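Visitor: Hi, could you walk me through this one? I'm new to reading structures.
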Amino acid sequence: MDDAPVDIVDRHRTTVFEIDRDGCDRCGPHVEAFVFVEMPDGKPLSYCHHCGTRFWVELNRQAAHVYDLRHMRTP
Ligand SMILES: [Zn+2]
């Protein structure tokens with residue numbers, strides 16, 4: 001008889017990524033970034049709401065990780 005193991009615990013791998021409040025790498029430090037990107041070589045990039053949306057497809061294609069905090073933007 002194949003009894004299912006009783007001690008299975010769902011675990012989700014959690015990545016902790018430190019995000020400094022940063023400015024947009026394209027617009028400059030005066031524009032707050034909401035899209036944070038980690039490139040495959042580890043280089044971090046940050047983009048404002050506008051640039052993050054504009055380059056969204058390309059960023060997701062090239063980056064190792066993309067962290068979207070655009071929902072945290074206050075109007
Ligand atoms: Zn920008």
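This is a predicted model: local features need pLDDT of at least 70, side-chain atom pairs count only at pLDDT 80 or more; totals for chains, interfaces and linings use all residues.

Visitor: OK! How many helices and strands are in the chain?
Guide: There are two helices and four strands; helices (H or I, at least four residues) and strands (E, at least two) are DSSP runs, numbered from the N terminus. Along the sequence the pattern reads β-β-β-α-α-β.

Visitor: Which way do strand 2 and strand 3 pair?
Guide: Antiparallel, over five bridges. Strands count as paired if DSSP finds at least two bridges between them. A33 has C48 in strand 3 as its bridge partner, and V35 stands opposite Y47. The hairpin they form has five residues between the strands, and G42 takes a positive phi near 90° there.

Visitor: And what about strand 4, how many bridges join it to strand 2?
Guide: Four, and strand 4 (residues 65-68) runs antiparallel to strand 2. V37 is bridged to V66 there. Strand 1 (residues 23-24) also pairs with strand 2 in the antiparallel sense, over two bridges.

Visitor: Switching topic: which residues make up the largest nonpolar core?
Guide: It has 11 residues: C24, A33, F34, V35, F36, V37, L45, Y47, C48, C51 and L59. A nonpolar core is a set of buried Ala, Val, Leu, Ile, Met, Phe, Trp, Tyr and Cys residues joined through C-beta atoms within 7 Å. Strand 2 gives the most to this core, with five residues.

Visitor: What does "buried" mean, though?
Guide: A residue is buried if 20 or more other C-beta atoms lie within 10 Å of its own, exposed if 12 or fewer, and partly exposed in between, with C-beta atoms placed from the backbone. Of the chain's 75 residues, 17% count as buried.

Visitor: Why is strand 3 largely enclosed?
Guide: Because four of its five residues are buried.

Visitor: Last one: is G28 buried or exposed?
Guide: G28 is exposed, since 9 other C-beta atoms lie within 10 Å. G28 lies in strand 2, and C24 stands opposite G28.

Visitor: How far apart are G28 and C48?
Guide: They are 20 residues apart in sequence and 9.3 Å apart in space, C-alpha to C-alpha.

Technical notes:
Residues are numbered from 1 along each chain as its sequence is written.
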